[in-house]
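Here are a few exercises to work through with the model open beside you. Try each task before you read its solution.

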Amino acid sequence: MMALLKNRWVRAIALVTLIAGIMLVAKAWYDTMRDPVVQRLVIESEGLLAGSEPVTIAFLTDIHVAGPDMPPSRLERIVAQVNALEPDLVAITGDLVSEKRTATHIYSAEEIVTPLGGLEATHGVVVVPGNHDHWYDWPALSAELAKHPGITVLENAAAQMGPFAVAGLDDDFTGKANLEATANAMQPLTGAQIWLSHSPDVFPSVPVSADLILAGHTHCGQIAYPWGGSPATMSDYGQTYACGVKELHGKTLVTGAGLGTSLLPVRLFTQPEIWVVEVRGMGSLE
C-alpha cells in the first residue's frame, strides 16, 4: 500500500514538473518572438522652445539579426511597426547582428542592413555600432549602411538632425568610445541634445548638457527573474542602469531591452521593445 502511494506521488510530481516545463518553454517562446512592446516617455529640453511642436524619437537597440529568432523577414515587420509610429527621428544603438554559436543562420551584412533601409523618419535614421557589430565585421556593416542615404552613422561624432543635436559614441564595451571627441563635436550644434551609446555605462560621464542618453547592450537581462532584475546585466553598475529610465543631474537615460537575442536565442520574463520618446520645449509640461 505504501509503495502504491509512493508511486502515485512520484507520478504526480513528474506530471506537474512536465506541465511546468512546457509552460516555461511556451512563455520563453512568446517572450522571444512576440511583437515589440512600445514603451513611451516624455521629456523636456531647453534646446526646444516652449510651446513648439513636440518631436519624437523611435529608439531601437540590439536587433541581433540571426537565425532562428531574428531573420531579416522579422526585422522587416518591425520596421513597418516603427514606420507606423511616424517618428521624427529613428535612433539605433548598435548590435545589428548576432554571430552567436547557437545561431541557426548567420546573415550577410547586406541581408542584415537592407530592412533598415526601409525606415522612415522626418529627420532621418542614426546608428552607432555595438560590440557584436565590431566582432562580426563593422566595416562591412558600415559600408552597407552608407548605401542608404537616409541613414547616418556616428562613431565618436555628432550631427545636426533637424531640431536634434545628436552625439554618437563608438562602442564603450570594446573600449572604442571617446567622450571628449564626441563632446567637442557637439559644440557647434543646436537643439535638444541626444546622446547614443551602445552601453549605458557611459551615462555618469556624459556631459550634464545632455537631455537624453539612449543605450542598450544589457537586453534588460534577456533572461530575467519574474519579480524583476536578472542574473546578469553586462553592466559594470549591476542593475543600476541595466533597464528602463534613470535620471541624473538633469539628464535622462533610457536603457532598452532590445529586439533580438545574444548568446542564447531565448528571452524569458523580458520582452522586445521599441521606445518612443517625445521631446518638448522646457516648461511645456507645466
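**Exercise 1.** Work out which residues of helix 5 are exposed and which are buried.

*Solution.* This is a predicted model, and buried here means under 20% relative accessible area, exposed over 50%.
- Step 1: Begin with the exposed residues of helix 5 (residues 138-146), which are P139 and A146.
- Step 2: Now pick out the buried residues of helix 5, namely W138, L141, E144 and L145. They span an arc of only 125° around the axis, so they lie on the same side of helix 5. P139 and A146 are on the other side.
- Step 3: Recall the helix geometry: an α-helix has 3.6 residues a turn, so residues three or four places apart point the same way.
- Step 4: Look for what covers the buried residues of helix 5. The cover includes helix 3 (109-113), strand 4 (125-127), helix 4 (131-136) and strand 5 (151-153).

**Exercise 2.** Find the order of the strands in the open sheet of 6 strands, and name its edge strands.

*Solution.* 
- Step 1: Trace the sheet across, and you read the order 6-7-8-9-11-10, with mixed pairing.
- Step 2: Check the ends. Strand 6 (157-161) and strand 10 each pair on one side only, which makes them the edge strands.

**Exercise 3.** Describe how strand 11 pairs with strand 9 and with strand 10, and explain why strand 11 is largely enclosed.

*Solution.* 
- Step 1: Take strand 9 (residues 212-215), which runs parallel to strand 11 and is joined to it by 4 bridges. Here I213 stands opposite L253.
- Step 2: Turn to strand 10 (residues 244-248), whose pairing with strand 11 is antiparallel, over 5 bridges. V245 stands opposite V254, and L248 has K251 as its bridge partner.
- Step 3: Look at the hairpin of strand 10 and strand 11: there are 2 residues between the strands, and H249 takes a positive phi near 55°.
- Step 4: Consider the two faces of strand 11. K251, L253 and T255 are buried on one side, and T252 and V254 on the other. With 5 of its 5 residues buried, strand 11 (residues 251-255) is therefore largely enclosed by the rest of the structure.

**Exercise 4.** Compare the reach of helix 2 with the expected value, and list its buried residues.

*Solution.* 
- Step 1: Helix 2 (residues 72-84) has 13 residues and reaches 19 Å from first C-alpha to last, close to the expected 18 Å.
- Step 2: Its buried residues are P72, R74, L75, I78, V79, V82 and N83.
- Step 3: Just after helix 2, E86 has a positive phi of about 55°.

Key
Residues numbered from 1 in each chain as written. Predicted model: local features only at pLDDT ≥ 70, side-chain atom pairs only at ≥ 80, totals over all residues. Heavy atoms only, no water. Expected span 1.5 Å × (residues − 1). Buried < 20%, exposed > 50% of the residue type's maximum accessible area, 1.4 Å probe, protein only. Pairing = 2+ DSSP bridges. Arc of directions from axis to C-beta. Contact = heavy atoms within 4.5 Å.
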